Amino acid sequence: MLGKNIQSLFRGMHFWNFFFILVLLANLILVIYLGLGNYQNAAKVAASQDNAEEIITWFEALASKSEANEPIEPAACTPIDEDTKLIQGMKPNQWKNCVEALFAAKGPFESYVNLLNPAGPAYTSKCNKTNLLNSGSLIFEKLTVNPAGPPAASPLEPGEKLVRGLQIRLSLCDTGFYLIRIGEFKL
């Protein structure tokens, strides 16, 4: 009886009806596949944002320790006062040494990787479409006070001296190579 019902269902259908159903099913499978991929990428972006927020929290604690003259670990991230540098002739730490110490083995962020692109770096100087590995990388930018409006952002150069009061913005380079601003902090 069931066989007769199925035969009666398909009796009036032509080749193009079957073709339409096949195309419809193929489209449905494609939408499900792309939806799952987008969901997984969104979860990776959210996890990267959580990691970036932990980095900001760490730098805020660093600023508190610096103001209280407590020891900072890693020492390569210790900022100095501009006045101290001039008076005592001290050589300030550079950004390159600090960021490398943070993401190196035994650094506080050694486990942080580029979740969107595991072959890419965990951090980079700018979000650039010409380098596809940058997608998912953290971007550190130097903020310069602008009296006429919002602060100007520029890439934080490797040779940038770490002085107290240096304003830094942390962003995430997303899959479309647009910056997702996470937050700002001062050294």
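Guide: Let's start with Lys 142, which forms a salt bridge with Glu 160, their closest N and O atoms being 3.2 Å apart. A salt bridge here is a side-chain nitrogen of Lys or Arg within 4 Å of a carboxyl oxygen of Asp or Glu. This pair links distant parts of the chain: Lys 142 sits in strand S2, while Glu 160 is in the loop between strand S3 (152–155) and S4, 18 residues apart. Strands are DSSP runs of E with at least two residues, helices are runs of H or I with at least four, and both are numbered from the N terminus. Lys 142 is partly exposed, with a relative accessible area of 24%, whereas Glu 160 is buried at 18%. The words go like this: buried is under 20% relative accessible area, exposed is over 50%, and partly exposed is in between, using a 1.4 Å probe and protein chains only.

A quick word on what you're looking at: this is a predicted model, where local features need pLDDT of at least 70 and side-chain atom pairs count only at pLDDT 80 or more, while totals for chains, interfaces and linings use all residues. Residues are numbered from 1 along each chain as its sequence is written, and side-chain values use heavy atoms, with hydrogens and water left out.

By the salt-bridge rule, the count comes to three. Another one joins the side chains of Arg 169 and Glu 141, at 3.8 Å from N to O. Arg 169 belongs to strand S4 (residues 167–173) and Glu 141 to strand S2 (residues 138–144), so this contact ties together parts that are 28 residues apart in sequence. Both Arg 169 and Glu 141 are buried; for Arg 169, the relative accessible area is 9%.

Arg 169 also meets the side chain of Glu 184 in a salt bridge, at 3.6 Å from N to O. Here too distant parts of the chain are linked, with Arg 169 in strand S4 and Glu 184 in strand S5 (residues 179–186), 15 residues apart. Glu 184 is partly exposed, with a relative accessible area of 43%.
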